[in-house]
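Hi there,

Here is the structure I promised to pass on. Please have it open while you read my notes below.

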Amino acid sequence: MSLNMKTLQQALAKASAVIEKTVTTTVQEVTGPRPLQDYELLDQAGSGGPGLAWRIYTARPRDAAASTPYPVVSVWVLDKRALSEARARAGLSRAAEDAFLDLARADAARLVRLRHPGVLHVVQALDETKAAMAMVTEPLFASVSNALGCLDNVGKVPKELKGMEMGILEIKHGLLQVAETLDFLHNNAHLAHRAISPETVFITSSGSWKLGGFGFALSVDQATGGLASSQQFHYSDYDVEDTALPLQPSLNYTAPELVRSGDSKVGSTCDIFSFGCLAYHLVAHRPLLDCHNNVKMYMNSLTYLTSEAFSSIPTDLVADLRNMLSVDAASRPSAMAFTGSSFFRHDTRLRALRFLDHLLERDNMQKTEFLKALSDMWKDFDSRVLRYKVLPPLCAELRNMVMQQMILPMVLTIAESQDKDDFELSTLPALVPVFTSASGETLLLLVKRADLIISKATNEHLISHILPMLVRAYDDTDPRLQEEVLRRTVTLSRQLDMKLLKQSVLPRVHGLALKTTVAAVRVNALRCLGDLVPSLDKTGIVEILQTLRRCTAVDHSAPTLMCTLGVANAIYKQVTLDMFVHYR
């Protein structure tokens with residue numbers, strides 16, 4: 001009997017597992033891969049990966065999502081059905097489709113295992129259903145391919161990508177970051193990426209350039225320096241546009257030793273060639289090799305590369321770039337050797353950005369000297385460099401109470417050019433702790449720039465973070481703070497409903513008018529009351545009249561009397577004679 005009962009329990013457990021798996025699968029087929037359940041997709045940011053097959057969306061976590069260090073993330077979506085339709089139109093086999101999906105899986109798996117600041121950070125691993133694949137990474141601005149103007153697989157193009165042009169300083173900084181990541185791959189992870197191109201380099205929302213697209217990566221044999229399982233790619237002898245299902249890297253960026261059949265001398269230096277092609281494209285604004293995956297055109301272009309091809313390249317980069325693009329793999333420099341190029345060394349603006357990269361590691365004295373110098377360099381930075389290269393490290397440094405007074409003006413100056421959405425996502429999260437803790441000179445600075453902050457913030461943030469900060473300024477004993485916050489009261493009042501205005505703001509303005517011993521504070525309080533008259537009801541206006549009577553009873557100075565007349569004039573324009581008769 002016990003044996004039968006045990007068998008029955010095992011059968012029930014097995015049936016339960018089958019049912020649970022069936023239900024989970026059914027739910028997934030209806031709702032999509034797990035990342036699409038855990039995150040709410042907002043706008044599409046761009047596309048990336050081989051053939052730009054991945055659509056990259058900005059997304060917010062839902063309640064069910066695991067906590068992340070990012071207020072927003074990037075959700076990558078690969079639509080299998082659209083891929084299948086594209087494969088059918090191109091006349092490719094189902095095996096080709098399966099091979100491409102395997103590359104996507106290998107890429108996602110490698111990203112999860114690699115830990116380095118220059119490799120994309122995976123927030124949620126790849127999940128897939130019959131219809132789609134999806135994974136979640138740190139928030140991205142776009143791929144470098146998108147930034148260069150290739151917007152394939154991007155539905156509604158973000159305004160930031162329309163007509164976008166990267167300045168040479170941003171390009172230099174990005175190339176240095178990629179070089180450092182390649183150095184890690186080659187010397188620490190012992191990997192050859194084999195697919196460095198604009199499609200596999202990504203720009204994060206904080207402006208860093210990071211590597212993805214590891215589907216073609218192979219281990220490097222530490223003893224020989226060659227690929228552990230070397231294999232060449234096979235390209236056609238005629239023009240092929242196979243971006244629907246690219247089963248090999250773009251030939252425009254692939255090293256010749258990966259193309260030639262029977263070439264056994266293949267190592268991590270193949271990435272240096274690809275990196276050189278990427279650098280050329282970024283600096284010259286056109287690809288060096290534009291061969292449509294035609295191997296004959298590729299070999300001809302490489303064989304007959306002339307000096308004319310480098311006429312648009314800065315002279316201090318030409319020699320290094322030629323070495324990187326050498327057909328002889330042994331002649332190519334290492335990734336770190338490339339960073340020593342005079343193209344980078346002699347640029348003081350670039351040195352400033354590099355200092356910012358490591359700002360948190362410096363002591364306060366070094367930071368102070370640097371920030372003094374930085375204040376004289378604003379004119380040398382374009383708006384993109386300020387927003388994506390300068391602003392993020394400055395925001396991170398706001399946590400340093402000692403440095404706040406130096407950094408805050410810079411952050412707020414850059415914020416002037418941000419729209420409300422960008423300000424809310426990138427700058428406001430760093431400012432909120434400052435709003436909460438600010439006092440003295442820092443609070444004074446924030447109050448002076450309150451008009452800017454109020455104009456950029458949502459009503460929710462205004463009430464929860466900005467209003468409490470301004471209330472502290474009203475309640476402070478420093479007359480400078482009181483004067484400044486009174487000057488910003490009208491701007492604030494336009495964003496608050498009447499109930500909140502009467503509850504949090506008006507009593508403090510009345511209090512400053514009546515209790516202060518500083519003439520300038522009383523004058524500003526009375527002027528503030530006069531400016532608020534048009535937005536007040538009858539009760540509010542009567543309270544102002546009472547305050548005027550009490551002020552003039554104890555203060556007969558000319559400034560107070562003049563302000564009183566001004567407020568009375570504002571009231572006269574706003575109300576009927578009946579109210580004055582009633583008040584008397």
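In which hand does H17 pass H19 in their crossing? The crossing is left-handed, a term used when the near helix is turned anticlockwise from the far one by less than a right angle (right-handed if clockwise).

A word on the background before the rest. This is a predicted model, in which local features need pLDDT of at least 70 and side-chain atom pairs count only at pLDDT 80 or more, while totals for chains, interfaces and linings use all residues. Residues are numbered from 1 along each chain as its sequence is written, and side-chain values use heavy atoms, with hydrogens and water left out. Helices (H or I, at least four residues) and strands (E, at least two) are DSSP runs numbered from the N terminus.

**Helix pairs**

Back to that crossing: the axes of H17 (residues 440-448) and H19 (residues 459-475) come within 10 Å and cross at roughly 115 degrees. Axes here are lines fitted to C-alpha atoms, for helices over the stretch in contact, and angles run from 0 to 180 degrees between N-to-C directions. On the H17 side, Leu-443, Leu-446 and Val-447 make the contact, and they meet Met-469, Leu-470, Arg-472 and Ala-473 of H19; contact means heavy atoms within 4.5 Å. By class, these residues are six nonpolar, no polar and one charged. Ala, Val, Leu, Ile, Met, Phe, Trp, Tyr, Cys and Pro count as nonpolar, Asp, Glu, Lys and Arg as charged, and the others, Gly among them, as polar.

H7 (269-284) packs against H9 (residues 315-324) at an angle of about 140 degrees, with the axes 8 Å apart. The two are therefore oblique to each other (under 35 degrees is roughly parallel, over 145 roughly antiparallel, 65 to 115 roughly perpendicular, and the rest oblique). Among the H7 residues in this contact are Phe-273, Gly-276 and Tyr-280, while H9 brings Leu-317, Leu-321 and Met-324. The contact divides into nine nonpolar, one polar and no charged residues.

**Two backbone spots**

Most residues other than glycine have a negative phi. Arg-194, however, has a phi near 70 degrees and lies in the loop between strands E7 and E8. Arg-194 is buried at 3% relative accessible area (buried is under 20%, exposed over 50%, partly exposed in between, with a 1.4 Å probe and protein chains only). Asn-293, in the loop between H7 and H8, has a phi near 60 degrees and is buried too, at 14%.

**Cysteines**

The disulfide count is zero, taking a disulfide as a pair of cysteine sulfur atoms within 2.5 Å. Cys-395 is buried at 8%, and Cys-528 at 2%.

Best wishes
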